[in-house]
Amino acid sequence: MPDPHWLVWAREIQAIAQTGLAFSKDPYDLDRFAALRRLAARIMAEHSSADSARIESLFDAETGYATPKLGVRGAVFDAAGRILMVREVVDGDRWTLPGGWADINQTPAQSVVREVFEESGYRVRAVKLAAVWDRARQAQPPMAFSVARMFFICVLEGGAPATSLETSEVGWFAEAAIPDDLSVRRTSAHHISRMFAHWRDPGMATEFD
């Protein structure tokens, strides 16, 4: 189900305001763009449980031309064909594919390798870009910012299971035994199913929307 119209419109208003604040030189226009940013924050606060001031502070931190945020997720498989998953502390200890935000000065592939190691203790190598999905089109809970996620198939190269500040458990799961308590804000059952499909058929084309 796509994001509600009010969220799509509020994000668009925020993007216009952010870009305008970055490039406009006229002080009156700058005031208008700042007002638009506050309006976007109020719209989001009105339709959610979030505090308007907190949303404004999040928007204030965004500068420059407005673009989608980029996340990465790693689908790591062992010799038995099981997929690696971790419990993320920040989302009620629910299970997800390891991953997070892509970092500055790292390629997306380098970012996913780093995230997998930091969250699970395993060293991996990214071998295939399986999917690039817009978060809003993947039936996931609404979010203030536009997000694109890159899903990589990874091969296991070493390491040992280890939790972190972000994770409380590390596990390997067969396709028929995926946990029910998924962190759907990060990884859905559909995502996992498609990763198994790409692992079984390495020649499958990258998916995108």
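**Ground rules.** I'm working from a predicted model, so local features need pLDDT of at least 70 and side-chain atom pairs count only at pLDDT 80 or more, while totals for chains, interfaces and linings use all residues. Residues are numbered from 1 along each chain as its sequence is written, and side-chain values use heavy atoms, with hydrogens and water left out.

**Salt bridges.** I looked up how many there are, and the structure has 16 salt bridges. The term stands for a side-chain nitrogen of Lys or Arg within 4 Å of a carboxyl oxygen of Asp or Glu.

**Entry: aspartate 29.** I found aspartate 29 paired with arginine 32, with 2.9 Å between the closest N and O atoms. The two sit 3 residues apart in helix H2 (residues 27–46), so about one helical turn separates them. Helices (H or I, at least four residues) and strands (E, at least two) are DSSP runs, numbered from the N terminus. For exposure I use relative accessible area: buried is under 20%, exposed is over 50%, and partly exposed is in between (1.4 Å probe, protein chains only). Aspartate 29 comes out partly exposed at 29%, and arginine 32 is exposed at 52%.

**Entry: lysine 69.** Lysine 69 bridges to glutamate 62, closest N and O atoms 3.1 Å apart. I noted both as partly exposed: lysine 69 at 24% and glutamate 62 at 22%.

**Entry: glutamate 88.** Which side chain does glutamate 88 meet in a salt bridge? I got arginine 186, at 3.1 Å from N to O. This pair ties together distant parts of the chain, 98 residues apart: glutamate 88 is in strand E2 (residues 83–88), and arginine 186 is in the loop between strand E7 (167–173) and helix H5 (189–200). Glutamate 88 is buried at 3%, and arginine 186 is buried too, at 16%. Both also belong to a salt-bridge network with Arg73, Asp91 and Arg94.

Entry: I then checked the second largest pocket and wrote down a volume of about 530 Å³. Its 25 lining residues include Arg11, Pro68, Phe145, Ser146 and Val147, the closest to its centre. A pocket here, on a 1 Å grid over the protein atoms alone, is an open set of points where a 1.4 Å probe fits, with protein on both sides within 12 Å along at least five of seven lines; lining residues have an atom within 4 Å of a point. The volume is the space filled by probe spheres set on the points, which are joined across faces, edges and corners. Helix H1 (residues 5–23) gives the most to this lining, 6 residues.
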